[in-house]
Each structure stands twice: as structure tokens, then as C-alpha cells.
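Please open the model in a viewer and keep the selection tool at hand.

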Amino acid sequence: MQESKINRSVSRRRFLIAAGAGVAGIVVGGVVGSQLFPRVETLTSTVTTTTTATKTTTTTTTATTTATSIIAKYPCPFCDKEFSTENELSEHIRTEHAGLITKEVTKPPLTLIINGKKYELYDVEPNVTLQRLLHDILGITSVKDMCSGRGECGSCTVLVDGRPILSCLTLAVECDGKEIWTAEGIAQQFPDLAKAWADHDAMQCGYCTPGVIVTVKALLDRKPNPTKEEILDFLSGNLCVCGTYPVWPKAVQAAAEKLAGKLGGR
């Protein structure tokens, strides 16, 4: 006596996963890529054979064989056909569904002018902040992040088209085509500004200094000879954990005297 039992495990969820993966595998210029995932079936077959022989006594021998095999099938994402190999599926899509294959959409680069140098950046994700792009991707290390991206400390301040902004709260894609200046560029163009800060001991650990220097540059562009009150008010968004605030006005006014007529236009 023989018994055969076949269990086919095919669920709607598994089919949708396979179909979605098949769509994802269709790539640039009508070429079907290699990331097509098969639908897998587990085929279990159980065969039981019983042999009975009777002489003086009765002897029963039972042999059971279980075979399990994996059947991979590649479903077409556009119709109900299935194929046993990826190559067969690729050829089917090329010949039967050529008009449905999407072509690559090339995004224009993100263009930034940073410290006077033009950058064309490709594949910048829309959720990348300007601070992360400058510091982590381009290696412009003066753009700090002391408050973990909350916009509370001012250490990430940069100039975008002459306006001081918090780069940790600004998306990089918002700055496409704009001119950006960081502390590196400002120190190179106007070394007297950074020197005044050092001469008046306006920094200790120096972590907040780049953001402050950038903010001072923006202030002096607007007010070449600011008062003490104007300086403290304009720099109120820049935090210094070392507490060097009392000497900031002196440093700014000293820089203003040296840079009279040189600032502006940045």
C-alpha cells in the first residue's frame, strides 16, 4: 500500500512580496537587473510502504521515506506567468512587457558654492541637514553640533547668501545654488577677525568659536561699528560653555577697527 501527500505552501503575502521584489528588479534603460527574488515553494512528499509476509509467524516491515524539495519560481510582476529561472523571467519581461519597463530618472546635482568653491553633489538624500553635509560628508569640521541638532547652541552657524543660519535645522537641498561661508573661509579671507578673538582671550575650549566668528562676520557686515549692547544682542544665540561672554564685545570692536571697510559682500 502506498500513500502520497503533497503540501503546497503559497500565501497571498508571499506572492505580493515576490511580485514587489520583481518590480524593484527592473532597472535602468530597460535592462532587468539581478535583484529578482523567486517565490519559494516547499514540496513535501511522504511515501509509506508496508510489506507483510506470513509463514509460521507474521512479520510486518514498514519503510517510510520522506523527501523535501525546494522549488523556486520567479513570478512576473506584470502578469500571472511564473518561470523557473531568473533569466527566463528577464527574457519574458523584455519581450512581452518592454513598454512597461521604466527608465532611469536622472536628478540634477545639488550645487553649492562653499567658501568660494563650487560643489556639485549627487544623490544627496532630502533629509540630510546642511550641518551633516558640511561636517560629515565634506569634512568641513568647523561646523559643530553641540546641542545634537536642536538649534539651541549656535555652534553650527554658517552664512547662506550672507545670512547667518543654523545649519543643523536647515536641509541641504534648501541651499541649492546658494553661497555658503563657514569659519574656514572667513578666517582665510579675514584673518584679523579670528586674531582679535584670540588676542582678547575670547575663547577657551574653542568649540563654540567657529559659530561665533561666523555670526560676528554677519554682524559687522550689517553694522561696521556696533555698540556693546548690539554685539551682545546679536550674539545671544551663540552659547559658550566656558562663559567668555564678558570679553566678546571687546574682541568684536577690536576686529571692527582692523577690518573697517574690508567686510561686506560675503
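Begin with helix 5, whose buried residues pack against helix 4 (183-189), helix 6 (209-222) and helix 8 (248-258). Helices are DSSP runs of H or I with at least four residues, strands are runs of E with at least two, and both are numbered from the N terminus. This is a predicted model, in which local features need pLDDT of at least 70 and side-chain atom pairs count only at pLDDT 80 or more, while totals for chains, interfaces and linings use all residues. Residues are numbered from 1 along each chain as its sequence is written, and side-chain values use heavy atoms, with hydrogens and water left out.

Next, select residues 191-199, which form helix 5, and display Leu193, Ala196 and Trp197, which are buried. Buried denotes under 20% relative accessible area, exposed over 50%, and partly exposed in between (1.4 Å probe, protein chains only). An α-helix has 3.6 residues a turn, so residues three or four places apart point the same way. Just after helix 5, select Asp201, which takes a positive phi of about 50 degrees.

Move to helix 6 and select Thr215, which lies in this helix. Thr215 is buried, at a relative accessible area of 5%. Which residues is Thr215 in contact with, leaving aside its neighbours within four places in sequence? They are Thr157, Phe234, Leu235 and Asn238, where contact means heavy atoms within 4.5 Å.

Now turn to the cysteines. The structure holds zero disulfides, a disulfide being a pair of cysteine sulfur atoms within 2.5 Å. Select Cys147 and Cys153: the sulfur of Cys147 has its closest cysteine sulfur in Cys153, at 3.7 Å, too far for a bond. Cys147 is buried, with 9% relative accessibility. Then select Cys242 and Cys205: the closest cysteine sulfur to that of Cys242 is in Cys205, at 3.7 Å, again too far for a bond. Cys242 is partly exposed, with a relative accessible area of 28%.

Finish at two loops. Between strand 7 (117-121) and helix 3 (130-137), select Asp123; its phi is near 60 degrees, a positive value in a residue other than glycine. Asp123 is exposed, at 78% relative accessibility. Between strand 8 (157-160) and strand 9 (163-166), select Asp161, whose positive phi is near 50 degrees. Asp161 is exposed, at 52% relative accessibility.
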